[in-house]
Amino acid sequence: MSILEATASQLLDAIASGTSSAVEVTTAFLNQIERHDSTIGAFLHVDRVGALKQAAFVDEKRRTGKPLGKLAGLPIAIKDVVCTRELPTTCGSRILEKFLPPYDAEIIRRLRDADAVILGKTNMDEFAMGSSTENSAFQVTRNPWDPSRTPGGSSGGSAAAVAAGMAPLAIGSDTGGSIRQPAAFCGVVGMKPTYGRVSRYGLVAFASSLDQLGPFASDVAGAASLLEVMAGHDPRDSTSVDRPVPEYSRTLEQPLSGLRIGLAGEHFAEGLDPEVASAVRAAADVYRSLGATIVDVTLPHSKYGVAAYYLIAPSEAASNLARYDGVHYGHRAAKFDGLIDMYATSRGEGFGPEVKRRIMLGNYALSAGYYDAYYLKALKVRRLIRNDFDRAFEACDVLLSPVTPTPAFKVGELVDDPLAMYLSDIYTLGANLAGLPGISLPGGFSKSGLPIGIQLLGPPFAEETLLRAARMFERETPWHTKRPTLQVAS
Amino acid sequence: MTYTTIYSTVVGLEVHVQLLTRTKLFCGCVNRFNPTQPNVQTCPVCLGLPGSLPVMNRHAFELALKTGLALNCKIPKLTKWDRKQYYYPDLPKGYQISQYDLPFSSEGWLDIVIEGQASRTRRIGIIRAHLEEDAGKNFHDESGRGGESLVDLNRAGTPLLEIVTKPDINTPAEAHAFLDELKLLLTYLEVSDCNMQEGSLRCDANVNLHIAVNSGTVATPIVEIKNLNSFRGVEQAIEYESRRQFDVWKETGKKLGEVSKETRGWDAERGVTFGQRGKEEASDYRYFPDPDLVPVTIEDSWREQIRAGLIEFPAAKRQRFETAHHLSHYDASVIVAQGRSFADYFERVVAACGDAKQAANWLTQDVLREMKERQLAIETFPISADVLGALLQRIVARKVTVNSGRIVFAALMERSTGSQPAGVEAVDAIIGEKGLAITSGADELAPIIDAVLAANAKIVADVKGGKQQAIGALIGQVMKQTKGADPQVVREILQNRIAAL
């Protein structure tokens with residue numbers, strides 16, 4: 001077995017049985033990072049020492065017969081938006097360039113409890129604002145399938161790390177599609193759980209009512225195992241839901257009988273690449289061949305999704321990012337004249353253009369006299385969008401849709417066209433507005449050899465259904481087994 | 001000439017009260033006044049570190065609900081948290097978690113009594129009360145040399161109740177009376193210690209005038225006075241501001257709505273309000289619901305459970321002391337104003353001695369005097385309510401005189417100042433030791449009275465002849481020869497004996 005090509009489940013088995021040690025596995029991934037990350041740019045920080053120490057600790061635990069956690073010895077890459085104690089957490093921003101959190105996020109605590117190995121922190125669009133990872137203040141991440149293209153975003157570093165075999169599992173965050181879209185661009189599995197399923201404690205907020213952490217893996221089983229550890233109630237997050245977590249990995253292989261797959265006409269809108277559309281239709285055929293029924297549903301308000309999203313998310317972001325003022329931590333300008341200027345200059349230097357754009361949008365939408373017309377109206381639209389989904393899920397169990405309008409676009413292609421960049425979230429942000437779970441999984445390749453993702457959406461807390469449905473498709477198709485050929489930097 | 005006849009002052013108060021919780025409003029940090037060790041009562045949440053999230057302190061919310069109910073407010077079924085956004089170094093998140101359009105209580109009132117030759121009751125409306133987190137504290141270089149400013153976040157995130165009155169207050173004395181009554185209520189409820197020195201009660205006043213003119217009345221622009229750090233200061237500031245606004249109006253004629261609302265500070269030393277530099281621009285707090293917190297549903301059962309747990313309010317207690325214990329309004333007010341423990345002490349003394357008037361006299365005079373002289377709280381007063389009750393019971397039962405009682409009281413004070421407080425048995429022991437027991441038995445008095453009557457034939461004849469006041473001399477002589485005789489008893493016996501002569 002090649003460690004780098006093995007699935008997360010295979011690695012877990014190998015470590016548990018002693019076929020491979022955690023140190024061997026971790027070393028293999030660290031070496032892969034060393035070999036390829038100078039071209040890919042997935043990682044902002046690699047914790048080689050910490051990872052090997054933790055791997056040795058897991059091996060020692062195994063040797064002495066102590067019980068092992070659910071992810072024992074498995075290396076995991078963490079999007080740099082998740083607080084890790086004494087490990088840099090920059091959110092891809094200059095303003096947090098030197099920030100070392102004094103505490104671990106709840107999901108990091110859970111990963112450590114499960115004996116996972118934290119490999120390092122991955123690149124992202126600054127404060128998770130973007131769809132290409134080009135908004136990082138530090139580096140561009142390239143798509144392992146074609147380095148001239150973006151890996152998507154904002155969790156592009158995590159998606160690229162898994163696709164390039166630099167980590168078997170990774171964590172991302174999804175506010176409007178930031179896990180599912182890069183998963184689709186990079187040909188891996190990415191899942192956004194129901195809002196409230198995974199604790200946000202220690203996830204640096206972009207838009208609090210939309211943000212949710214989720215797993216990346218090369219296959220559905222990996223995502224299921226990781227989600228099982230991440231999910232669960234956390235009393236430190238008031239929006240976390242107190243509801244038992246099913247053992248997703250245990251039921252994964254059980255196909256769903258009588259599965260009803262919904263297709264919404266609104267998901268095949270103008271601008272959808274024909275190759276993407278046919279991949280989705282082909283997926284519907286696979287399900288039909290497995291005995292599922294395909295039903296047509298309608299999501300009449302989805303056309304207002306992008307508008308509502310780009311009012312709600314920036315409004316919350318403008319508020320959430322107010323704390324980066326140069327007073328208590330983070331970047332402070334070297335020269336300033338008085339308090340107001342200290343704020344303005346520190347923030348002016350610390351934030352990139354996309355973050356500034358959204359802060360301005362958000363503050364405008366919340367201003368006196370505009371609140372009702374923008375923010376409040378957007379909240380009403382959000383409710384209507386949720387109602388659409390609720391109605392649709394009366395007729396079907398899961399919705400099948402595209403993840404993105406096109407396969408991965410070129411680096412630099414959309415940087416000067418923010419509106420076109422925003423539209424790349426058109427099929428994903430509905431799940432965030434409605435708080436629903438969604439999964440993106442490999443659904444084929446374009447003629448030019450780029451991965452195409454398909455998306456399954458479900459009602460709240462239907463993660464188990466989504467994972468089982470995704471596994472049904474995965475078992476019938478070869479897409480998840482494909483790996484990109486990486487160019488070795490000279 | 002005074003102008004008060006042609007204008008009336010209109011005042012609304014905004015009172016901020018820190019709640020007596022063990023921990024802060026949205027995190028587990030201890031809620032304690034600690035100015036000497038800055039930034040030790042902090043955690044990622046109250047420091048506003050990236051990724052941290054607030055969780056509501058249910059106890060703080062219950063204290064707030066308690067207050068809302070005590071202020072006769074309407075309590076909605078649903079309330080929520082909003083972010084009030086502004087930049088200041090003592091506000092680490094760049095927003096304060098507060099309540100904007102759905103506060104946990106609104107439309108209440110508090111009755112106050114304005115003491116005077118004719119005491120009168122006034123009902124002051126409460127517009128709303130809401131809960132919010134307090135900010136930290138900034139310390140600036142006062143020397144003006146531009147030294148570094150420092151920030152202490154120990155206070156950041158502590159629970160703060162904001163109570164806003166209607167503009168129902170018309171005089172400085174009413175403002176003072178309102179604050180006295182509010183403070184008393186909040187300390188009775190154990191919601192806050194209302195300690196102004198430590199900043200646990202802060203007050204701003206909105207003041208303007210309604211001036212009588214030929215065409216009716218005109219209102220002057222509203223001025224908000226900040227930094228009022230004593231009740232006396234509130235009174236003085238309103239007084240000063242009324243005169244100032246009248247002078248300004250005479251000079252400029254500017255009316256409400258013609259100039260923007262002004263914020264003025266209060267200089268307690270000079271006794272004047274002063275204009276504070278206007279903010280750079282009108283502030284827009286960009287309120288919106290905090291997505292990190294869920295709305296709070298106040299079930300009827302929860303509200304009623306809180307209501308059922310409410311103790312007797314000061315106003316009701318005063319009323320009961322007047323009707324059930326027949327105290328004067330003055331005595332009832334003095335006792336209730338000393339706080340809940342003092343009023344409880346009073347009631348235990350009454351229960352032990354059976355005479356509320358006697359108990360009230362002793363508490364408002366002897367006990368309060370000793371507390372003041374020795375700087376004691378009633379909780380640490382050396383004579384327990386049971387012991388004082390036992391002493392007063394002896395007085396009521398005419399076993400000792402009031403004067404002897406004072407001697408016993410003083411002895412009890414001396415005896416109890418050590419670690420060992422005196423028990424009830426000490427009362428009779430002291431009476432015995434000092435021979436203060438009233439020798440009320442006619443048998444014991446008989447020979448003494450016989451002797452006095454025999455030796456004072458002239459006075460006896462005067463009394464018999466109708467000079468009733470002459471009997472005092474006889475009583476005095478008997479008293480001199482006995483140690484603890486009850487003068488009332490002596491008088492009776494003497495009267496009977498003389499009448500029978």
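Two strands count as paired if DSSP finds at least two bridges between them. The model is predicted.

**Chain A: strands and sheet**

In chain A, strand E10 (residues 438-445) and strand E11 (residues 451-457) run antiparallel and are joined by 7 bridges. Within this pair, A:Pro442 stands opposite A:Gly453 in E11(A).

Both strands belong to an open sheet of 11 strands in chain A. The order is E1-E3-E2-E4-E6-E5-E10-E11-E9-E7-E8, and the pairing is mixed. Which strands stand at the edges? They are strand E1 (43-46) and strand E8 (293-297) of chain A. Each has a single partner strand, so one side of each is left without a neighbour in the sheet. On average, neighbouring strands of this sheet are turned by 30° against each other, direction ignored.

**The two chains in outline**

The table sets out the overall values for each chain.

| Property | Chain A | Chain B |
|---|---|---|
| Secondary structure | 16 helices, 11 strands | 16 strands, 15 helices |
| Radius of gyration | 21 Å | 31 Å |
| Span along principal axes | roughly 65 × 55 × 50 Å | about 95 × 60 × 55 Å |
| Buried residues | 60% of 490 residues | 38% of 501 residues |
| Contacts joining residues at least 24 apart, among those at least 6 apart in sequence | 76% | 71% |

Chain B reads otherwise. The globule rule gives 23 Å for 501 residues, and the 31 Å of chain B is well over that value, so chain B is more spread out than a compact globule.

**Domains**

The domain assignment divides chain A into domain 1 (3-258) and domain 2 (303-379). Their C-alpha centres lie 28 Å apart. The two domains touch: 20 residues of domain 1 of chain A are in contact with 18 residues of domain 2 of chain A. On the domain 1 side, the contact residues divide into 10 nonpolar, 7 polar and 3 charged.

Chain B is assigned three domains: domain 1 (13-203 + 277-301), domain 2 (312-433) and domain 3 (442-500). Between domain 1 of chain B and domain 3 of chain B, the C-alpha centres are 69 Å apart.

**Where the chains meet**

How many residues does each chain bring to the contact? Chain A supplies 33 residues and chain B supplies 25 residues. On the side of chain B that touches chain A, 15 residues are nonpolar, 4 are polar and 6 are charged.

**Chain B: strand pairs**

Strand E1 (residues 7-18) of chain B pairs with strand E10 (residues 201-213) of chain B. These strands run antiparallel, with 11 bridges between them. B:Val15 has B:Cys203 as its bridge partner in E10(B).

E1(B) also pairs with strand E9 (residues 159-165) of chain B. This pair is antiparallel too, with 5 bridges. Here B:Val17 stands opposite B:Leu161 in E9(B).

Chain B also holds an open sheet of 3 strands, with the order E4-E3-E15 and antiparallel pairing. Strand E4 (95-98) and strand E15 (288-289) of chain B are the edge strands, and each pairs on one side only. Strand E3 (residues 82-85) of chain B pairs with E15(B) over 2 bridges, in the antiparallel sense.

**The end of helix H15**

B:Ala500 lies in helix H15 (residues 487-500) of chain B. Is B:Ala500 buried or exposed? B:Ala500 has 6 within 10 Å, so B:Ala500 is exposed. B:Lys464 is 36 residues from B:Ala500 in sequence, and their C-alpha atoms are 9.8 Å apart in space.

Conventions. Residues numbered from 1 in each chain as written. Chains lettered and ligands numbered in written order. Predicted model: local features only at pLDDT ≥ 70, side-chain atom pairs only at ≥ 80, totals over all residues. Contact = placed C-beta atoms within 7 Å. Nonpolar A, V, L, I, M, F, W, Y, C, P; charged D, E, K, R; others polar. Domains from an automatic or database assignment. Helix = DSSP H or I, 4+ residues; strand = E, 2+ residues; numbered from the N terminus. Buried ≥ 20, exposed ≤ 12 C-beta atoms within 10 Å, placed from the backbone. Axes fitted to C-alpha atoms, helices over the stretch in contact; angles between N-to-C directions. Rg over C-alpha atoms; globule rule 2.2 N^0.38 Å.
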